[in-house]
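Hello,

Here is the structure I promised to pass on. Please open it and keep it beside this email while you read.

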Amino acid sequence: MQKFLIIVKFSSAQDFCLFYEQSSSGQVFLPSSNELEEHSKVILKILVPLVDESFHIDGIVVSSQVDMQNNTGMTIDIKEGLKSVLSVINLKLSAYDQYQDILDLSVVEPDEMMTIPEKISGLEMAIDEDDIQILENNHPIEKTTSLFKEDSFALTDDLNEDLINLKMENESDDSLVKVDLAHLPDFVLQDDDDDDDGNEPQQKAGAGETVDENFSSEPEPETFLEFDLLPDDESFSEGFTMNSDTGETALTPSDNQGLGGVLFEDLKKMVEQGEFEFELEKEPDLGVKKIPEKKELTPEERQMAEPVGQFFMNLTKAMLRSGYYAPGHPGADSAKAGLYDEFIGVLGDQREIMITNHNSRDGIDLMLTGILDEPISIRVLVGPGVAELFVPKLSEYCERKRLLNFALKRDIQPDHFYQFIDIMSDPKVDDHKDKEAGKFLTNAFIEHGITDISTVFVDDMVELESDLPWRVEMAIHRLAKDLKVMPMFKGVSNDAIKQMKLQTVQDIIRPLKHPTYLNDFLVNCYIIAKYVKSMPSEDIEEIVVEAFLIDLLLPTSRFTFKELDYLKQLKTEHPDNILIDRRLSAIKRILKLISRRVVVEKESGAQTFLEHLYRNKILSFDELPADVKYMVNTMKMADDIRDNFTTYSSAIANVNDPEQALVYLKCFRRTVPVLIGSGCWEILSRITQTVKNVSARQPVNSDKVHSGLKIIKSNEIEDFSESILFKSLDVSERPLGFIFKDVTYKIIDAYEHADSNQRKTIDKVINCLGSFGVDITSKMLSDSNDREVRKLSYEKMISKGNQARKWAIKALKDTSRPWFIHRNAMMILAKVSDKEEDFDCVRNFLEHSNPKIREEALHAAVSLKPYDGESLVLKLINDEDPKVRWLAIRTLQKFSPISESAMNVLLNLIALPMPKNKEAAENQINKTVHIISAINAMTHIPVSRKVETEIIEVLKSIAGGKQSLWNKVKRAVGSDHDTPLLKSAIPLLGKIGGSPSKSFLKKTIRSHPELSEIIKKALHQIES
């Protein structure tokens, strides 16, 4: 059931007292020229003189009637509604002597005041109350409301002449250019109520009138499934509206209203609507570059186009020569022989070819359209020499016939083709006055039933209202001509004519290619109706939109919206100019027609397009599809939160009903994606902080709220309380998890593109999300391609301490996670944990197939130091990956002091026999060097005497005889490896050695003088 807000404003205390006394009966009579139907639900907003605040009373219309003074109006039953607010009214009135005296009121104590019902408290309406006065001396005053109306005024010829030079777009630039105001006439509309832009005139209503507005109802979200366009001349009222049948809600403040907040009851209805995915708004792929004409040809293009140029030269010769003979004369037949076959041969797969006699800055030229993507000059095709002979002849011929262009279509029959040449060659036309040449020739085509050739003569030109690119001008001229003559053809059915019209439009707009040209054509085609009496402009526009390729409609509409905005701005500067009104009306009709196609054909990007139409008051809320209604309501709620967040914050902070708390949580969930998209991170930070504060206490922290966190999606309901995420979060984190659960990657994307200041604000939001915020940060660390973002994410994770520890353990236990998540988890766990037991979730990764995972598991072993860490590391010394082997050897020193058994394992590895395989031998030597270096780095070396002995034995074998280790190495690897071994071992002998090492080093210095410095240093260390 609809509710209507009726604002009742009194001009004096005496007038209000009459109303007050009347209300004691439980019913009041409101004079009004706009009565509501019986049983309509209303809310009376009472504005009392002297009293600062207003009062709201629920009521219901019981009758619409004529009162005793023959004033029309309606009777409202307010018995029930008055009960809840009467004590409040009396309290406020008792503060003023005037009301005490007139109404005999006693002063009411504050504790006697009743509580205002929840749905009325905080009511704010987006209405400029200074413009509305109600019940002055109890007499109604009529108020005129302006609706959207199509402008029915016709421009005079003089006015058209004044406006012919209005520039709308620069051909060489996609940006709108400034209108030359010298061409805008002073023209004042006589009907002040008409407003093509849909804005109500700024006219104050007289006192004594009740104003009703569609206010609220009870929506059923499943019911709005259809898309129904209203007739183009229907308008929609403004204000906060809810359809009584479908329950669909929309907030549409008019231009003279300020946002005052969405009513809670309507907020409640909106958040119960089924959710839809918002389409991502993408920049259109324009497909082709905007090129006025082809200047250069590739060899392939020249091969395709040159035969067409030759054909037109032959056609020109035939038309010139045929004029010398009577039809049927052998000379005429000879001139035309073979031309039809040549035409079919050069046309290829194209629908038609067209030649245009074009006057440009460079002089007269002949432009060929239909073979290549862009028009091309005949001069480019035939070369300058031939062009000097051919172009003047054909151009002079066109001037004589007053011909601007002609198009030959693929489906032309041979007899029509040759009849066309005969008609165009007939010298009779040359005897007519210039202005009648086109008419004479057109009539000849009609008499012969030639529908498959399109011609435009000078007298067919349409008077345009702005400068347009030449190809757009020609398209408009041609369409006007073709539509004008089609009904004149005899023996053609209506269905055939309709199909011809559609095909004609498709042929005409095909060469325009680029959305800027197509837009120029679209927004100016309404002019054609002035020249085509058989078709109204709406029918012309409808067939034009139907002819468009669907994938070009939305890219073209981008430019149409730019022009709409431009004209609206121009309208504010020149409010009385009828040309602007007419162009605005045409653009709105075009956009509305486009909306039908994109919805029916489910074109990608339709959501945003239709939302733009609604925002520009071209479509009403009821005309939108369900997903766009959802989008509009979501944006309205987001706007309201931005403008009135303090109200929302206060409301949820003081809420005491779980059902009300759920409304606000669902509202925030709906609007968060929009707020992220518009970069409102300060508001998002305030939302998260507010919800975090209330989530720790009742009623938000209650089973009823948690179980009520449900999401309506199409025909199913997603129960958040049953999800894995819900169960993984702390109780106080669940409301924020519900709000932000589906926007993780939107947050990450925003963070990647934010500056340092905005990142600080986003960090505040993420921090408020608790462990769910840790999940988001972990995804930033794993998924971001930005090195700086990954670095910051890692630092943030480390700063989370125990929260990060919990996340890492959970991630490692989930074996389905990608390997890089596990790697990040181990890296973070090693930094934030010192608990040996946490290594249990790392242990299995020591044998992972990915060496990067095994490396990180080694780091975790060093950090967490499990009881068997030493043995785990020793196993990895033989890992197949060299980097893992090296890391395992270097890691051993972190377990210092290592056990004697571990040292014996290392010494056994050093003493292994040398493999004969070259690669295996190199690996063995490298491993030996690394082990010796690792032992040297240990602060405590167990069984040091044994270590000394084993090292000396290895080094002696290098300096030994034919069977020495070195000779085996040399044979195996073919290179000098004794130096690296000596360099790693000599410092170790200096650190742990005794007399055996001293004796060995003295011998070595003679065989390796290049190592004398490090040997002397080791000897000094032994002796000291």
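Below is what I found, by region.

First, the ground rules. This is a predicted model: local features need pLDDT of at least 70, side-chain atom pairs count only at pLDDT 80 or more, and totals for chains, interfaces and linings use all residues. Residues are numbered from 1 along each chain as its sequence is written, and side-chain values use heavy atoms, with hydrogens and water left out.

Buried residues of α14 include Ile497, Leu502, Val505 and Ile508. Buried means under 20% relative accessible area, exposed over 50%, and partly exposed in between (1.4 Å probe, protein chains only).

Next, lysine 533. It lies in the loop between α15 (515–524) and α16 (537–547). Lysine 533 counts as exposed because its relative accessibility is 74%.

Glutamate 546 sits in helix α16. At 42% relative accessibility, glutamate 546 counts as partly exposed.

Finally, lysine 409. It belongs to strand β13, residues 403–409. Its relative accessibility is 9%, so lysine 409 counts as buried. Lysine 409 and glutamine 350 are 59 residues apart in sequence. In space they are 8.8 Å apart, C-alpha to C-alpha.

Best wishes

Definitions and conventions: Helix = DSSP H or I, 4+ residues; strand = E, 2+ residues; numbered from the N terminus.
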